[in-house]
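Thanks for coming, everyone. Let's walk through one structure together. Please have a look at it before I start.

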Amino acid sequence: MALMQWTDELQVDISRFDEQHKRLIALVNEVHDAMLTGKGRAIVGDVLDELIDYTERHFSLEESTLTKHAFPECAAHHAEHQQLLATARELQEKHKAGSLAVTVEVLEFLKLWVTEHIKKCDKKYSAYLRERGES
Ligand SMILES: [Fe+2]
Ligand SMILES: [Fe+2]
């Protein structure tokens, strides 16, 4: 069973960002599947790399859109992105060095990371961006 499911609660009503969030959830589920099926460290590491790369691209697209429309909470939003990525890279480094096994706890962290950020931060830009013609 997939670790994460898409729900309406996660919808931000900006279609490209909703699509990207769905892809992020799929990638967290892929890391989970790789772990559950006993895939080796290298494979789990590759899927984590893909998740981090995709997250970086998604964050930079959100940031450029928020900057373009002078979103008032831009700085706070960018700072939270930076913090999330720093934590994810740290996990990845530990995983690569062999000092961290990707466990259910690590995945629960990733799951929370994705859902809390979308619900608490991303949802704040919905109405603001829609009022400025984004959809
Ligand atoms: Fe997002
Ligand atoms: Fe965000």
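One caution to begin with. This is a predicted model.

Two packed helices are described by the angle between their axes and by the distance between those axes.

Start with α1, residues 15–36, and α2, residues 41–68. Their axes come within 9 Å and cross at roughly 165°. That makes α1 roughly antiparallel to α2, because an angle over 145 degrees counts that way. The crossing of α1 and α2 is left-handed. Who makes the contact? From α1, the residues include Phe17, Leu24, Val28 and Val31. From α2, they include Val44, Val47, Leu48 and Leu51. By class, the contact of α1 with α2 has 13 nonpolar, three polar and four charged residues.

Next pair: α1 and α4. These two pack at an angle of about 170°, and their axes are 10 Å apart. So α1 is roughly antiparallel to α4 as well. On the α1 side we find Phe17, Leu24, Val28 and Val31, among others. On the α4 side, the partners include Leu107, Leu110, Val114 and Ile118. The classes here are 10 nonpolar, two polar and two charged.

His77, Glu80, Leu84 and Leu91 in α3 meet Val106, Trp113, His117 and Cys121 in α4. That contact divides into five nonpolar residues, two polar and one charged.

Now the core. In soluble globular proteins, nonpolar side chains tend to be buried together. How many residues does the largest nonpolar core have here? It has 13. Val28, Val31, Val44 and Leu51 have the most contacts inside it. The largest share, six residues, comes from α1.

Take Val31 as an example. Which residues does Val31 touch, leaving out those up to four places away in sequence? Val44, Val47, Leu48, Leu51, Val102, Leu107 and Leu110.

Let's move to the two ends of the chain. Glu134 sits in the segment after α4. The C-alpha atoms of Glu134 and Ile14 are separated by 6.7 Å. Along the chain, those two are 120 residues apart. Setting aside neighbours within four places in sequence, Glu134 is in contact with Ile14, Thr65 and Leu129.

Last topic: backbone angles. Most residues other than glycine have a negative phi. Asp13 has a phi near 65°, and Ala70 has a phi near 50°. Where are they? Asp13 lies in the segment before α1. Ala70 lies in the loop between α2 and α3. Asp13 is partly exposed, because 14 other C-beta atoms lie within 10 Å. Ala70 has 9 such atoms within 10 Å, so Ala70 is exposed.

To recap: α1 is roughly antiparallel to α2 and to α4, and α1 gives the largest share of the core. Thank you.

Technical notes
Residues are numbered from 1 along each chain as its sequence is written. Chains are lettered from A and ligands numbered from 1 in the order in which they are written. This is a predicted model: local features need pLDDT of at least 70, side-chain atom pairs count only at pLDDT 80 or more; totals for chains, interfaces and linings use all residues. Axes are lines fitted to C-alpha atoms, for helices over the stretch in contact, and angles run from 0 to 180 degrees between N-to-C directions. Helices (H or I, at least four residues) and strands (E, at least two) are DSSP runs, numbered from the N terminus. Angles under 35 degrees count as roughly parallel, over 145 as roughly antiparallel, 65 to 115 as roughly perpendicular and the rest as oblique. A crossing is left-handed if the near helix is turned anticlockwise from the far one by less than a right angle, and right-handed if clockwise. Two residues are in contact if their C-beta atoms, placed from the backbone, lie within 7 Å. Ala, Val, Leu, Ile, Met, Phe, Trp, Tyr, Cys and Pro count as nonpolar, Asp, Glu, Lys and Arg as charged, and the others, Gly among them, as polar. A nonpolar core is a set of buried Ala, Val, Leu, Ile, Met, Phe, Trp, Tyr and Cys residues joined through C-beta atoms within 7 Å. A residue is buried if 20 or more other C-beta atoms lie within 10 Å of its own, exposed if 12 or fewer, and partly exposed in between; C-beta atoms are placed from the backbone.
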